[in-house]
Amino acid sequence: MTADIAAAKAALAHLELDENPVSLKAKSRDFFWYSPVLKARLDHVVGDFAVAPRTEAEVIEVLRTCYRHNVPVTTRGAGTGNYGQAMPLAGGCVLHMRNMAAVKEIHPGRVIVEPGCLLKDLDAATKAHSGQEIRMFSSTWATATIGGFIAGGSGGVGSCTWGSLRDLGNIIRLRVVTMEEEPRVLEFRGEELARVSHAYGTNGIISEIEMPLAPAYDWVEMFVATDEFDDAMAFAEDLANQDGILIKLATVFEAPIAHDYFQRVKPHVEPATNLVGLMVAPHSMDGFLTFLGRRPRARIIYRSDDNDWARGPGPVFEYGWNHTTLRALKVDPSITYLQVRYGFPRHRELVAKMREKFSPEVLQHLEVLREGGKVIFAGLSLVKFTTEERLDEIVRAHEEAGAMIFNPHRYTLEEGGRQTVDDRQLRFKKEADPKGLLNPGKMIAWDDPDFKYDRVYAYPGMKAAE
Ligand code: FAD
C-alpha cells in the first residue's frame, strides 16, 4: 500500500493547503519535547502537507481523497498535547481543525461546538450568552481546542469537582467522520462515546461536540502556604471534601517547587514553603475562610481579588496541571515528569511512600481529582532526569507500590494509558479506518496485537530521520 502524496495534494489543491517546510514542521509537532525519551525518538517527524477544512463536507472530502491515495491522516487541534499525539509518525496529511471553530448553539446546561474552537473562546461565548462555562478545561485553556481536549486530554481545572472527561455525563454527544472509501458521519452518545474520546484521532475525526455546562463564576484564585508538606496535602483534600464549598482547582506543590520554579511567587515564599493553588467560587469565600480559620498552620499569601503583589502571578491554574512542568522546565531543562494515580483510600500513604523514597529527585505536584465520588490525587511529579534507565526504575517503583503510572514518555495510547488494549476503540477502528490510515503508530493493538509491554513499543512505520 503506497501513499500517492502528489495525487492527494493535487486533488485537494482547492482547499487551504500548506506545504511550506517551515510552517509544516511547526504543524507537525506538539509538546513531546517535555519528555527527553520522546524528544530523542520523534524530533525528526514531519508531515507531507497540511490541510485546514472549513466544513464537515471538506473533512469528508479530505478523508475520501486520502483514503483513495493511501495517505495517512493525523488530526491536529492546537498541538498542545504532550506525547506526540498530534505528530504524523508516518508522514502524510496533517488535518488542521483551526477553521472549524464555531460555537453553534448554547442552551441551559449544554453547548454545541465545532472541534477547532479554543477552550477560552468557548468559555467566552457561553459566559457572554448566559453566564455559563465548561465544567472542566485543560490548563492550556488559552491555546488548546475542545476537539483536542476530548481526543487527547483527560481532565484538568474543574476535575476536583466534576471528575474526568471519561466520567459519564462529562461529554454529551460527539459527531464523527470515518475514514472509508465513502466516509460516513456517525453520532455517538452514552457507551459509544468511549470509542473515540481519548483515542488520539486514531479511529475517526470529531466534527461536532455537545458538552455540558456549569454556572460561570469570577473564581477567587489563591495561593495558600504551609511549612509542612503533609499540611498542604491534607488542606487540599479536606477542602475538596467540604460539600458546601465550591472549588474549581486544588493543587499541591511540594517545597521547593514554588520557590525554585515560580518566578513571580518566589519573592513571597521561602525554599521550604509548600503551596496549595486554589480556585474558589466567590459565594463560597465565607465558608472557605471559616475552613481556613480552623487550620492555623495554613496561611493565604495571594488572593486574586485582594493583594498587594507588585507583579501579579497571572491565572493560578496556569501553575497547575502540566503548567507546573513547563515552569520547572523553563528554569531547569533537566526536569521532566511522571503522571501518577494515587487512588483512594491509599492515596496519602502512597504519596508519603514515594516522597520518602525519591524526594528531592522526584518532587510531588498533586492535583485533587474526584473519582467515583472520592477525592484522590493525580500526581504530575517533577523528576530530575538523569537516564532513561533511572526513569524506568522510578516508574517501576511507583507501580510496585501500587501507584498507577500513565507514562508520558511513550507515544502510544496503550503505554500512556493502562497498558491494555481498549477493545471498544480497536473494534471501532476496524470498522471506521479499515486501511489503518488515521494517526498511524499510536494504537499498538492495531499494529501488533500480540505486543507484551515488556519493552518500549517502536512503531515500524515511523518515517526515518533524514
Ligand atoms: P492536539 O494536541 O492538537 O491533539 C490532541 C490529540 O487529539 C491528537 O491525537 C489529535 O490527533 C487528536 N485530535 C485533535 N482534534 C481532533 C478531532 N477533531 N478529531 C479527532 N481527533 C482529534 N491535558 C489535559 O487533559 N489536562 C491538562 O490540564 C493539561 N495541561 C497541559 C499543560 C501544558 C503546559 C501542556 C503543554 C499540555 C497540557 N495538557 C493537558 C495536554 C493538552 O494541552 C490538552 O490535552 C489539550 O486539550 C489538547 O488540545 P489540542 O487542541 O492542543 O490538541
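Reader: Which residues does D4 touch, and what counts as a touch?

Author: Leaving aside residues up to four places away in sequence, D4 touches H69 and V71; contact means heavy atoms within 4.5 Å. The model is predicted: local features need pLDDT of at least 70 and side-chain atom pairs pLDDT 80 or more, while totals for chains, interfaces and linings use all residues. Residues are numbered from 1 along each chain as its sequence is written, and side-chain values use heavy atoms, without hydrogens and water.

Reader: Where does D4 lie relative to helix 1, and how far is D4 from G92?

Author: D4 is in the segment before helix 1 (5-11). Between D4 and G92 there are 88 positions in sequence and 9.3 Å in space, C-alpha to C-alpha.

Reader: Why is D4 called partly exposed?

Author: Buried means under 20% relative accessible area and exposed over 50%, with partly exposed in between (1.4 Å probe, protein chains only). D4 has a relative accessibility of 38%, and therefore counts as partly exposed.

Reader: What makes K353 partly exposed, and in which helix is K353 found?

Author: The relative accessible area of K353 is 40%, so K353 is partly exposed. K353 belongs to helix 12, residues 347-358; a helix here is a DSSP run (H or I) of at least four residues, a strand one (E) of at least two, both numbered from the N terminus. K353 and E221 are separated by 132 residues in sequence and by 30 Å from C-alpha to C-alpha.

Reader: How many helices and strands does the protein have, and how much of the protein is buried?

Author: The protein has 16 helices and 21 strands. Of its 466 residues, 57% count as buried.

Reader: How do you know whether the radius of gyration agrees with a compact globule?

Author: The radius is taken over C-alpha atoms, and the globule rule is 2.2 Å times the number of residues to the power 0.38. For 466 residues a compact globule would have a radius near 23 Å; the protein has 22 Å, which agrees. The C-alpha trace spans about 70 × 50 × 40 Å along its principal axes.

Reader: How is the protein divided into domains, and how far apart are the centres of domain 1 and domain 3?

Author: An automatic or database assignment supplies the bounds: domain 1 (5-97 + 425-447), domain 2 (103-216) and domain 3 (220-405). The C-alpha centres of domain 1 and domain 3 are 35 Å apart, and eight residues of domain 1 are in contact with ten residues of domain 3.
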